[in-house]
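Reader: I have a model open on my screen and would like to walk through it with you. Could you take my questions in turn?

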Amino acid sequence: MLNLRFIGAAQTTTGSMHAVEYNGHRILLDCGLMQGHRKESFEANRAMPFPPHEIDAIILSHAHIDHSGRLPAFVRAGYKGPIYTTPATKELCDILLRDSAFLQERDVEYVNKKRIRQGKNPFELLYDQKDVENTISLMRPIPYGEVFSPVPGLDLKATFYDAGHILGSASIALDYQKLGKSRRLLFSGDIGQWNTPFLRDPEPVPNVDVLITESTYGDRDHPTRENIQGRIKDYVSFICQHKSKLIIPSFAVGRTQQLLWIVHQLTRKGAIPNIPFYVDSPLSAKATEITRRHTNLFNEKTQEIAARDEDPFDFPNLHFTQTVEDSMALNSIKGPIVIISASGMCEGGRILHHLKNNIQDPLNLVLITGFQAENTLGRRLVEGVTPVKIYGDEYDLRATVFTINGLSAHADRQGLIRYAKALGPSVRRAFCVHGEPEFCLANQKNLVEEVGIRRVDIPVRGQLFEDV
């Protein structure tokens, strides 16, 4: 009998974690960090849903921190089992989890100074660099399409399929037995868009009986690629005319590389002037280098570019900053200038310095390029909240904030429908996760009415579904 317990990313978009319980064994699908409101996420990330020795294996869909970021905490608590990933996901986790540990250490140090002054007990680190090293050592890379046994001796097999979300992202198929018949459970992971700048399209998976699907954009469609390029061209033209700045908060993995690919294309066409672009994120620089090494995962168009010895993520006047001094020096550079910096939801990293130094100038632009979770600074910027707090100080939001959801690495409403239809008529049951309640409800409606899946549930956190 196979049971499903939904622990994270249930009616929210962070903390992805789902437990598969089968014949006395437990496998986690993802082990993500909860993000958002500091106090709530702080407590949730420290709570262990199971004793680590009761988990036999962890299968990771991709490297984003909301899917991988609690792995070192589990290892710190005593988990010693295998962590299955694709090869590219392991490489990206190596840099993302190290960066996460650095941010944990810095944040806890800051909070503990206050707690000690208030006579409170200091917080313990969620994990440190040593825990990350131990986590990476447990990772076992498996290529797309190769069948493997996550728990030796158990009649359950797993296969990774390309999800088209970020480099190395995967949907996870689990094949098991029910009443003597073969059944297939598919966890979509995060599903990418079709015709993305450099990645392949999401891969269809045959013979699926039970589907766990993301729902991030379950109620809306993205603009076309031509629309996106046109808008970026317009924003660059505006800051050239006004000698101002375009600030782009961007995820280091996936989003930054998409932006560089698009600007590469615009530059080749002569559609934008040769102005300075700065990627102010050492993590983004490392992720771009890893991306360049995995040309086998590119789509056909980008493979053709790479085959001409042309770097699809480079163009004239592109600069990657490394040191803090280089980052601070950007504040004194006059526009026009474009600054791409992490984090994508403006919850940490160098982007906070650029926002606090630039959002009070009405000639500057801020471009939000993807989904912003509740209780994040990015969400407040999208909603036009003013003033906003950055590092404890208030700043008036006078810069103009634009949003392009079409750059998101997540499929939109039509993409989610297309993905589910491609699985074929065998899908009898589905679960909508990784979406705020209204998006899950919209995706549920689409799966029932547009795809024809008879039963679609929207789990709440901690909910158990038996014998699926």
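Reader: Which residue follows helix 13, and what is its phi?
Author: Happy to start there, with helices (H or I, at least four residues) and strands (E, at least two) taken as DSSP runs numbered from the N terminus. Helix 13 is followed by G424. The phi of G424 is positive, near 95 degrees.

Reader: Before we go on, where does the model come from, and how are residues numbered?
Author: This is a predicted model, where local features need pLDDT of at least 70, side-chain atom pairs count only at pLDDT 80 or more, and totals for chains, interfaces and linings use all residues. Side-chain values use heavy atoms, leaving out hydrogens and water, and each chain is numbered along its sequence as written, from 1.

Reader: Which residues of helix 13 are buried, and which elements do they pack against?
Author: Buried means under 20% relative accessible area, with exposed over 50% and partly exposed in between (1.4 Å probe, protein chains only). In helix 13 (residues 413-422), the buried residues are G415, L416, I417, Y419 and A420. Counting contact as heavy atoms within 4.5 Å, they pack against strand 8 (170-178), strand 9 (181-187), strand 10 (210-214) and helix 14 (437-451).

Reader: Is L92 buried or exposed, and what does it touch?
Author: L92 is found in helix 4, and its relative accessibility of 0% counts as buried. Leaving aside residues up to four places away in sequence, L92 touches A63, L167, V253, A287 and I290.

Reader: How far is L92 from K120 in space?
Author: In sequence, L92 and K120 are 28 residues apart. From C-alpha to C-alpha, the distance in space is 37 Å.

Reader: What is the relative accessible area of T291, and which residues does it touch?
Author: T291 sits in helix 8 and is buried, with a relative accessible area of 3%. Not counting residues up to four places away in sequence, T291 touches L167, F198, Q257, F298 and F313.

Reader: At what angle do helix 6 and helix 7 pack, and how is that described?
Author: R225, I228, Q229, I232 and K233 in helix 6 meet Q258, L259, W261, I262, Q265 and L266 in helix 7. By class, this contact holds 6 nonpolar, 3 polar and 2 charged residues. The axes of helix 6 (residues 225-242) and helix 7 (residues 255-268) are 11 Å apart, at an angle of about 80 degrees, which makes the two roughly perpendicular.

Reader: How many helices and strands does the protein chain have, and what share of its residues is buried?
Author: The protein chain has 14 helices and 21 strands. Of its 468 residues, the buried share is 57%.

Key
Axes are lines fitted to C-alpha atoms, for helices over the stretch in contact, and angles run from 0 to 180 degrees between N-to-C directions. Angles under 35 degrees count as roughly parallel, over 145 as roughly antiparallel, 65 to 115 as roughly perpendicular and the rest as oblique. Ala, Val, Leu, Ile, Met, Phe, Trp, Tyr, Cys and Pro count as nonpolar, Asp, Glu, Lys and Arg as charged, and the others, Gly among them, as polar.
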